[in-house]
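Dear colleague,

Here is the structure that I promised to hand over to you. Please open it beside this message, and read the notes below with it in view.

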Amino acid sequence: MTSVAIIGPGAIGGTLAAWLAQDPALSITLCARTPFSGLHVETPDGTLTASPLVLTDPADAVAMDWVLVCTKTYDVEATKVWLDRLVGPHTRVAIVQNGVEHVKLFAHLVPAERIVPVMINLPAARSAPGRIVQHRDGFMSVPAGRNGEDFVALFANTKVAATADADFVSQIWIKLTGNCGTIVPALTLRATGPVWSEELEAIMRGLLEECATVGRAEGAQVPASVIDDAIERFRNAPEGSSAGSIHADRLAGHQMEIDARNGVIVRLGKQHGIPTPMNALLVTLLGASGSPWVTA
Ligand SMILES: NC(=O)c1ccc[n+]([C@@H]2O[C@H](COP(=O)([O-])OP(=O)(O)OC[C@H]3O[C@@H](n4cnc5c(N)ncnc54)[C@H](OP(=O)(O)O)[C@@H]3O)[C@@H](O)[C@H]2O)c1
């Protein structure tokens with residue numbers, strides 16, 4: 001039996017846990033901040049239910065074969081108390097988060113050679129603890145190599161596709177390029193439908209082009225079509241349609257993953273001598289908006 005702990009069983013963690021819990025070869029433990037019992041996940045393939053062990057006290061946790069960290073990027077430090085208990089001499093730790101700094105954010109908490117960064121493309125939303133809707137089929141990408149291939153094998157009996165990719169760096173920068181424009185609706189609170197304009201499109205395109213340029217300097221292949229496709233999605237999005245998790249978090253009064261999604265473009269741009277005025281401007285404005293926002 002392979003033991004798997006999921007720290008942060010929210011939209012992503014709860015969905016992955018529900019899929020993994022269907023495999024009798026796996027034993028699943030949820031490490032939660034808010035207590036709940038039972039997962040109920042509506043997926044494109046039907047409803048999954050599962051009742052894995054739910055822990056809320058890190059003192060009850062023991063070393064696992066695998067740990068999946070599925071918190072938001074600003075909750076990295078809060079995972080330390082869990083990781084201290086869950087990580088034994090052979091534990092692999094998969095970081096299932098957005099952004100491009102998975103390994104860097106956890107390097108002080110887990111030996112780097114046991115961290116598996118995961119790019120996940122799986123739209124999911126939580127209506128209450130343990131109650132989640134997975135809107136479309138999901139897929140994940142991890143770096144090629146032993147750890148990546150073992151992670152892929154973990155999901156072999158689920159319908160969440162996972163691949164080990166020799167060019168993982170391109171996967172994460174392509175995802176970020178497609179995502180980083182969501183800072184616009186997070187700032188304006190209304191950026192789809194009739195308010196879309198040539199001027200707004202130019203701002204959005206500037207954000208994405210800066211991201212792609214920094215990604216290419218980091219060694220990623222980011223085709224221009226990634227930018228065109230993302231702009232097209234925004235241009236055609238009906239008013240009131242979901243404008244991304246940063247927008248949703250701001251509306252809900254939560255912290256936002258601004259640093260992991262846009263601050264990082266500015267920081268890495270500086271390192272490479274690449275100007276990123278659009279991202280810098282919007283990060284500063286959103287930071288000054290009085291919304292809860294932290295820099296990690
Ligand atoms: N949702 C999506 O569609 C989607 C798609 C692709 C990538 N992502 C990325 O995936 C990551 C997770 O996002 P999400 O949407 O799943 O977020 P989420 O629904 O907010 O879930 C985060 C979970 O972490 C928990 N948590 C926070 N601190 C904790 C702690 N100290 N101990 C245990 N649990 C803790 C939260 O607990 P509470 O229950 O108390 O809030 C919550 O259950 C983010 O980086 C996001 O950008 C999300």
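His-247 lies in helix H9, which spans residues 245-251; helices (H or I, at least four residues) are DSSP runs, numbered from the N terminus. With a relative accessibility of 13%, His-247 counts as buried, a word that stands for under 20% relative accessible area, calculated with a 1.4 Å probe and protein chains only. If its neighbours within four places in sequence are left aside, His-247 is in contact with Pro-185, Ala-186 and Leu-189, where contact means heavy atoms within 4.5 Å.

Please keep in mind that this is a predicted model, in which local features need pLDDT of at least 70 and side-chain atom pairs count only at pLDDT 80 or more, while totals for chains, interfaces and linings use all residues. Residues are numbered from 1 along each chain as its sequence is written, and side-chain values use heavy atoms, with hydrogens and water left out.

Apart from its neighbours within four places in sequence, Ile-183 touches Leu-207, Ile-258, Asn-262, Leu-282, Val-283 and Leu-286.

How do H5 and H7 pack? Their angle is about 165 degrees and their axes are 8 Å apart, the axes being lines fitted to C-alpha atoms over the stretch in contact, with angles that run from 0 to 180 degrees between N-to-C directions. H5 and H7 are therefore roughly antiparallel to each other, a term for angles over 145 degrees. The contact is made by Trp-173, Leu-176 and Thr-177 of H5 together with Leu-208, Cys-211, Ala-212, Val-214 and Gly-215 of H7.

Helix H7 (residues 198-217) also packs with helix H8 (residues 224-236), at an angle of about 150 degrees and with the axes 10 Å apart, which makes H7 roughly antiparallel to H8. Among the residues that make this contact are Leu-208 and Ala-212 of H7 and Ile-227 and Phe-234 of H8.

Key:
Helices (H or I, at least four residues) and strands (E, at least two) are DSSP runs, numbered from the N terminus. Angles under 35 degrees count as roughly parallel, over 145 as roughly antiparallel, 65 to 115 as roughly perpendicular and the rest as oblique. Buried means under 20% relative accessible area, exposed over 50%, partly exposed in between (1.4 Å probe, protein chains only).
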